[in-house]
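Open the model in a viewer and follow the stops below. Each stop says what to select and what is there.

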Amino acid sequence: LAGGYLSRRFGLLSDKNVPVLTTVSYKLLIFFQVFNGMISADLATALRPGLMLFMALGMAGGALVAIPVMRRLEPDPRSRGVLVDSVFHVNYIIMAMPIVTSLMGSAGGAVAAAMSVVVIPTENILAVVVLTRYNGGKVSLKEIILDIFKNPLVLGCLAGFAVLLLRLELPQFLLSTCSQLAAACTPICLLGLGATIRFQEVHQSLHRILIAVAARLVVVPAV
């Protein structure tokens, strides 16, 4: 994050470069991050239905509880939708999977990768419903399904799951390429995210930032 912020400040990244960096990260690198995690997993030990159900219900429950709470804390409907989203939104690929793998090794990373099959679609469904409703739009089941299956994270999950189920043996050069692209995902995503930081604009939404940070990093873990 600091590297991305300083790169923009010192002219290494311009405002024109940042959207390109973000697009490449989201539409290409994240796919390989998820796919590589999935094909590295052992389904016999990594698939944990109870944990998957707990995650899905926890995210949905967090959204349901956040709706009335944020109605009291934030008068602007559009900002309210973003605050509700912050309660259940998970930086699963950029932050969670690398941290779990670092702390718990490849076995823990495999479980985290398998969990993405549930976490990512659940998060996408909730985000589309919440943000659409608060922005005054109508929730369309067709659009939700299309958005889910156009999401690179979901596509990476499905592609990796297919490789495991079909027991496909990918050639070594493809495995190496996937691994290298996956390794580039987190640092490049964080660079792009850091480059979007504008400290001079923080004061305009400081109370919303404090609410979102407190909800996600204090209240949710405590519960």
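Select Val 223, which sits in the segment after helix 10 (206-222); helices are DSSP runs of H or I with at least four residues, numbered from the N terminus. This is a predicted model, where local features need pLDDT of at least 70, side-chain atom pairs count only at pLDDT 80 or more, and totals for chains, interfaces and linings use all residues. Residues are numbered from 1 along each chain as its sequence is written, and side-chain values use heavy atoms, without hydrogens and water.

Val 223 has a relative accessible area of 85% and is exposed (exposed is over 50%, buried under 20%, partly exposed in between, with a 1.4 Å probe and protein chains only).

**Salt bridge**

Next, select Arg 208 and Glu 74, whose side chains meet in a salt bridge at 3.1 Å, N to O (a Lys or Arg side-chain nitrogen within 4 Å of an Asp or Glu carboxyl oxygen). Arg 208 lies in helix 10 and Glu 74 in the loop between helix 4 (49-73) and helix 5 (77-88), 134 residues apart. The structure holds one salt bridge.

Conventions
Helix = DSSP H or I, 4+ residues; strand = E, 2+ residues; numbered from the N terminus.
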